[in-house]
Amino acid sequence: MSTEFIRTLLGLQNQPLFYSGSLVVYCEGQDDISFWSLLFPEQFNKKHIEFVSTGGRPALEACANSINSLEELEAIVVMDGDYDVFFGIDEERKYVIKLNGYSIENYLITPEVLTSCVRTKSKKTDYSQNASQEIFDKFDDECLFLIALDLLMRKNDIELDRDLSQPAWCVNDDWDDCLFCIESINTCCKNAGVDPALIESELDSIDGYVPSMHFRGHFLLRTMRHIISKLVKKHKSGKSQLREDELFDYAIAYWSGRDMSETNMEHLQKQIATLLAE
């Protein structure tokens with residue numbers, strides 16, 4: 001069961017009182033509830049797990065700060081990692097679980113999901129898992145500099161323009177061979193008002209991180225949605241367009257009930273089990 005609300009800080013602090021007999025898990029939004037429901041058990045110590053959407057990150061942070069003083073486990077906060085790993089924001093807070101990746105989409109949208117979705121939508125059951133992995137590898141290779149650009153912009157208090165993202169991060173409409181149409185670093189930097197010479201130092205700081213896990217998750221979702229639509233159109237006549245919400249729902253359905261061992265969600269399930277065991 002889930003609930004969505006927006007309350008004052010006082011209301012958030014006292015909310016466990018309204019769910020007597022339940023363990024409250026605070027999330028940012030409804031999509032987050034769909035994701036975390038895959039990882040939490042239905043019950044804990046005969047208590048029902050109650051997911052609550054706070055409606056935004058500020059309210060979620062308020063929850064995280066307020067439950068930090070609780071003596072016993074009455075509530076848990078789960079949240080996106082965003083770019084905290086790059087800005088050194090790694091403080092541990094009691095009863096708080098934070099993603100290592102940027103957002104839930106980075107965990108949900110994987111080569112396995114891409115393969116399954118293409119096979120299902122196109123009826124081409126022999127579509128190769130290796131082909132999906134190559135697409136993700138290409139995404140990681142060509143979009144790494146975009147993390148560096150994004151970090152530079154944030155450090156200079158420049159908000160990333162959605163219009164700028166379109167030509168840089170989406171697949172060209174003429175695409176046919178799983179290739180990305182990525183604008184040059186210099187062009188992106190010029191449009192963003194950032195000195196391209198600074199990119200190299202930022203690339204050094206993010207060495208070892210991959211865009212499919214640590215870049216903005218909704219852009220990964222958007223790009224893979226476009227690629228799937230193109231692949232389905234290539235192998236099947238008729239309607240091939242796939243909406244972003246359809247791909248998200250497909251990914252949730254794909255992971256539902258699956259063994260998370262050896263997936264990028266395994267460590268999250270272990271974190272939850274450890275927290276519940278304390």
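Leaving aside neighbours within four places in sequence, which residues is Met-224 in contact with? The legends below start from that residue in this predicted model.

**View 1. Met-224 and its contacts.** Ile-109, Leu-114, Ile-135, Phe-136, Phe-139 and Leu-247 are the residues in contact with Met-224, once neighbours within four places in sequence are left aside. Met-224 is found in helix α11. Its relative accessibility is 1%, under the 20% cut-off, so Met-224 counts as buried. Pro-111 lies 113 residues from Met-224 in sequence. In space, the two are 9.6 Å apart, C-alpha to C-alpha.

**View 2. The largest nonpolar core.** This core has 85 residues. Phe-35, Trp-36 and Met-224 are those with the most contacts inside it. Helix α6, residues 129-155, gives the most to this core. Its share is twelve residues. In soluble globular proteins, nonpolar side chains tend to be buried together.

**View 3. Helix α6 against helix α11.** Helix α11 spans residues 217-235. The axes of α6 and α11 come within 12 Å. They cross at roughly 140°, which makes α6 oblique to α11. The crossing is right-handed. From α6, the contact is made by Ile-135, Phe-136 and Phe-139. From α11 come Leu-220, Thr-223, Met-224, Ile-227 and Leu-231. By class, seven residues of this contact are nonpolar, one is polar and none is charged. Residues three or four places apart in an α-helix point the same way, because the helix has 3.6 residues a turn.

**View 4. Helix α5 against helix α6.** The axes of α5 and α6 come within 8 Å. Their crossing angle is roughly 125°, and α5 is therefore oblique to α6. This crossing, too, is right-handed. On the α5 side, the contact is made by Pro-111, Glu-112, Leu-114, Thr-115 and Arg-119. On the α6 side, the residues are Gln-129, Ser-132, Gln-133, Ile-135 and Phe-136. The contact divides into four nonpolar, four polar and two charged residues. Ile-135 and Phe-136 of α6 also take part in the contact with α11.

**View 5. Helix α5 against helix α12.** Helix α5 covers residues 111-122, and helix α12 covers residues 244-255. Their axes come within 10 Å and cross at roughly 105°. That angle makes α5 roughly perpendicular to α12. Glu-112, Val-113, Ser-116, Cys-117 and Thr-120 of α5 make the contact. Their partners on α12 are Leu-247, Tyr-250, Ala-251, Tyr-254 and Trp-255. Seven residues here are nonpolar, two polar and one charged. Leu-247 is also one of the residues in contact with Met-224.

**View 6. Helix α3, mostly covered.** Helix α3 runs over residues 57-67. Eight of its eleven residues are buried. These are Arg-57, Ala-59, Leu-60, Ala-62, Cys-63, Ala-64, Ser-66 and Ile-67.

**View 7. The whole protein, for orientation.** The protein has 13 helices and six strands. Of its 278 residues, 51% count as buried. Consider contacts between residues at least 6 apart in sequence. Among these, 72% join residues at least 24 apart.

Note on methods. Residues numbered from 1 in each chain as written. Predicted model: local features only at pLDDT ≥ 70, side-chain atom pairs only at ≥ 80, totals over all residues. Heavy atoms only, no water. Core = buried A, V, L, I, M, F, W, Y, C linked by side-chain atoms within 4.5 Å. Buried < 20%, exposed > 50% of the residue type's maximum accessible area, 1.4 Å probe, protein only. Helix = DSSP H or I, 4+ residues; strand = E, 2+ residues; numbered from the N terminus. Axes fitted to C-alpha atoms, helices over the stretch in contact; angles between N-to-C directions. Parallel < 35°, antiparallel > 145°, perpendicular 65-115°, else oblique. Left-handed = near helix turned anticlockwise from the far one by under 90°. Contact = heavy atoms within 4.5 Å. Nonpolar A, V, L, I, M, F, W, Y, C, P; charged D, E, K, R; others polar.
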